[in-house]
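Hi,

Here is the structure I promised to pass on.

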Amino acid sequence: MKITFLVPPSIDGNIPERVAGCAYLLYYVPNIFLLSAAAVLEKAGCEVRYIETTIKKWDRKQFRTFLREDLSDIYSFYSVNLSQKTDMQALHDIREIRGDMPVVFFGPAPSDRPMEFVADDDTYVVRGEPEYTILELVKALEDKSAINGIKSVSFRSNNEIIHNNTREPIENLDELPFPARHLLEEKDVYYNPKLGMRPFTAVCTSRGCSYRCIYCVPSSLSFSRELEYKHYFDKKPPVRKRSPENIIEEFALLKSQGYKAVNMQDDQFVWGEERTIKICEGIKDLGIVWGCSARSDHLTEPIVRAMAAANCKFIDLGVESFNQEILDYVKKDIDVKKNEEAIRLVKKYGISAKINIMFGASPLETMETIRKNTKEVKRLKVDQVMYNIANPFPGTDFYKTAKENNLFVYGDYKPVNVAKEANIAYPHLSKTDLERAVRSANFAFFLSPRFVLKNIRRIGSLDALKAMFRKLF
């Protein structure tokens, strides 16, 4: 069987980012979640291809020409909320040109709303973690055997959509093959300006997060996993972690393949002092620069010291707000002072402290709390910050609150660029208020002499800097 994973051309010029899954593209990160499923299929003897048409700069006409000439047996799309319309347009093109060939959707959007993707008898949804489910589905399609017994598959039969029982989360992540990065045809395009080196890739060392933030959209794979589990068990799935030895083995392989920079794509990389330090000890002599996300209350001095020694260049901290009442409302379960301590600790060891600030995630937000956030960023001399407007994603507790309280300005969730556009409003904080606030905050930070002088080399070029500004202003 020949399976081709596709990223189709955008229908509106905005390219959805599919790895984090909650924003439009700022820079290309390899989709290791898709490549993990591809690796499992390859290991089973399937012929696999991955085509990212947005990198190739194909338009819809070129995409349709490809479909006419291609001989794949199955097409598959890794879909996020922002890509749903684009991917369904691609399905329409496939049906026009290739007829009734099987098409498989997976990712957070189809996991949450499979009925919206199962458009016909030859379209299938793989819910939750994809690796073993998609392998079983492909084998069944090849053998023309029954789909009914394959866990976490949704499909159409006799004009009825069938949702098979759920599959338990993968217990031992070490059993999975490493992502099939050799399928990437434009390897040098992938880049993270916070690391500033190529070749660049991503690594995932754990799946899931045990915390309860109401707004949180974790990495797209963890979100798929979480949505599927919540539908059946009404709670978050357990966190699963790869062993330090397995992670070190993957880093050694990346070193041999010439990779120089890695982003840890975990929702939360730091799971305990012993494990984290062991990973750092194992990779520190490889010369690979890397960065990660971490909760402030998981960072201890021994951990940060070990990370710095292992070439960690940035730590992404989900600060969200410097107002304690807002943090409590969104169930962040962290103290403002702990966030401040973590910023200082990270900077002490020469690691760049990158923080996220979210406007409007609580009715307690006011223009005064927004101004306080920008003042604190300046006072703490944060190296990097990303200001966004909260957008309640389907599947989150924040989405339920927004629906119940009529916060959506468009009546429901709408994909927007959260660095510029608001999808919610409060009686005391309008859509315009939020958009002006985020624009002003980003303008003040990213055009400050301190930021420009410190980061122009790391960003890599004036063109890259201009691209970043286009996304923000």
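Before the helices, a word on axes: these are lines fitted to C-alpha atoms, for helices over the stretch in contact, with angles running from 0 to 180 degrees between N-to-C directions. Helices (H or I, at least four residues) and strands (E, at least two) are DSSP runs, numbered from the N terminus. This is a predicted model, where local features need pLDDT of at least 70, side-chain atom pairs count only at pLDDT 80 or more, and totals for chains, interfaces and linings use all residues. Residues are numbered from 1 along each chain as its sequence is written, and side-chain values use heavy atoms, leaving out hydrogens and water.

Now the helix pair. The axes of helix 3 (residues 60–69) and helix 4 (residues 84–98) come within 10 Å and cross at roughly 40 degrees. Where they are in contact (heavy atoms within 4.5 Å), helix 3 brings Arg60, Phe63, Arg64, Leu67 and Arg68. Among their partners in helix 4 are Gln89, His92 and Asp93.

Next, Ser224, which sits in helix 7 (residues 220–233). Ser224 is buried, at 1% relative accessible area (buried is under 20%, exposed over 50%, partly exposed in between, with a 1.4 Å probe and protein chains only). Beyond its neighbours within four places in sequence, Ser224 touches Tyr78, Gly107, Pro108, Ser111 and Gly128.

Asp188, by contrast, is exposed at 52%, in the loop between strand 7 (160–163) and strand 8 (200–203). From Asp188 to Tyr132 is 30 Å, C-alpha to C-alpha, with the two 56 residues apart in sequence.

Cheers
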